[in-house]
There are 2 protein chains.
Amino acid sequence: MPRSPKDNQEIRDARREEILAAAARVFAAKGLSQSKISDIAAAANLSHGLVYHYFDSKDSIFGAIVDQMIAKIDADLASDGELTAYQRLVAGIERSRDRVCAGGLEPGRVVAQAMMQGVIPDHLRGRIHEHFGRLHRRIAERIEEAQRDGDIEPDADPVELASALVCLMRGLSMRAPDMPHLPFPIPRTDTILRLLRPSSAPQDTRRATPRAARGPNARRR
Amino acid sequence: MPRSPKDNQEIRDARREEILAAAARVFAAKGLSQSKISDIAAAANLSHGLVYHYFDSKDSIFGAIVDQMIAKIDADLASDGELTAYQRLVAGIERSRDRVCAGGLEPGRVVAQAMMQGVIPDHLRGRIHEHFGRLHRRIAERIEEAQRDGDIEPDADPVELASALVCLMRGLSMRAPDMPHLPFPIPRTDTILRLLRPSSAPQDTRRATPRAARGPNARRR
DNA sequence: GTCTATACGTAGATAGAC
DNA sequence: GTCTATCTACGTATAGAC
């Protein structure tokens, strides 16, 4: 008895996902250009030729991966309904940081690698560029909201803070997974948050110490 | 009349430097694996084959570049004799940041790319690893000194702060030179320094407000 | 010292057998 | 649907002409 069309479709979908998962690992480890199709095939335990049965080209695989990673990053920002803006920022930072610690798949890593590479398929450039725009805008908005809540330094430019935070997180994601014991530790979330922390630091003489007493994790209202 | 041996040597040295300079630009733009020997030759305005007259292989060129970049980074930290530890930290950050702004050759970029690549010649791995050890140790020491001077948050772990700072700077250097108009700005030095800034922030209840009044740029003693 | 022509290997992509 | 064999393009590295 032959396989039903439905079974075939399931096999196809499963294979596709397997290949994408394998490719994500390979790309994260080596970047687009250094990743051979055979590497991906080997990581997915199937033959070289079969990969081409499911995807047109290496670029199309990479495109699919980048889209997945972008979606994952967007999801990181979107979730966490009942929290303060500040708490959502912290949660996002923590998730990303945990992934780096686990040595697992850091979505930011793939995208950052893609951005650094000279040759990205043109359609991808646009998508990546848009992604960064969205990411940065959302973080800046969230920072602004947290400033209104009094959880973040109110006198700093939110766009500026967002840039610094994004830089830091990108640098974090860049730690090579095959160099697990680098001489310096992964900074704690507390340390990262120093960037945003309100302070009555000396250079700021306009405000004395009012709302600071509430603490950075205080719930608003 | 033939060229003197001395002239020949000068030509050789000059060519070598030209090739290295061209290669540095190419590597910074595309990374090791995407850089073809012909790219380097074209960037240096000479033929493909001549590159091999001066270097054994692409890897050996890359090795020379990485060494140059490492030396440049080390130099950034070494200089500035008459300054405070804190002032030297600031100067280093500013130099690196200026290079990124100029879109020029950011040494950290090449090294970071190298680190992220899966395949680095083995001897290079060691050198890069050592470099990071030195870099981090020096920064941590300098931070510690600045803490004693009262210019940096005294209750934070210097190693921790150094890690965060290195991450941030690495993320900064990663901006693609061919994407000059990213939606977010390069963070100002002030903003970067928020990581280190002393503060009488709420979560820290042990110290009240003593030394903070001196300001972060105050000369010690 | 500099170039052009060429050998060799490798990786992307296709074709056809099972 | 899956594999192996093959074509083709390109990049590293070398050899030899000028």
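These legends describe close-up views of a predicted model. Local features need pLDDT of at least 70, side-chain atom pairs count only at pLDDT 80 or more, and totals for chains, interfaces and linings use all residues. Residues are numbered from 1 along each chain as its sequence is written, chains are lettered from A and ligands numbered from 1 in the order in which they are written, and side-chain values use heavy atoms, with hydrogens and water left out.

**View 1. Protein surface around DNA strand D.** DNA strand D is surrounded by 16 residues (near: a heavy atom of the residue within 4 Å of the strand). R12(A), R15(A), S47(A), Y54(A) and Y52(B) are the closest.

View 2. The side chain of Y52(B) places an N or O atom 2.7 Å from a phosphate oxygen. For the side chain of R15(A), the distance to a phosphate oxygen is 3.0 Å. S35(B) uses a backbone N or O atom, at 3.4 Å from a phosphate oxygen. A polar contact is a pair of N or O atoms within 3.5 Å; within protein, one must be able to donate a hydrogen and the other to accept it, and residues adjacent in sequence count only if both atoms are side-chain atoms.

**View 3. Elements and residue classes facing DNA strand D.** Helix 1 (5-34) and helix 3 (48-54) of chain A, and helix 3 (48-54) of chain B, each give at least two residues to this surface. Helices are DSSP runs of H or I, at least four residues, numbered from the N terminus. Helix 3 of chain A has the largest share, with four residues. By class, the surface holds five nonpolar, six polar and five charged residues. Ala, Val, Leu, Ile, Met, Phe, Trp, Tyr, Cys and Pro count as nonpolar, Asp, Glu, Lys and Arg as charged, and the others, Gly among them, as polar.

**View 4. Interface of chain A and chain B.** Each chain brings 57 residues to the contact (heavy atoms within 4.5 Å). About 5,000 Å² is buried between the chains, 65% of it on carbon and sulfur atoms. Buried area is the accessible area (1.4 Å probe) that two parts lose on being put together, summed over both.

View 5. Two salt bridges link the chains (a side-chain nitrogen of Lys or Arg within 4 Å of a carboxyl oxygen of Asp or Glu). One joins E160(B) to R188(A), 3.6 Å from N to O. On the chain B side, helix 8 gives the largest share, eleven residues.
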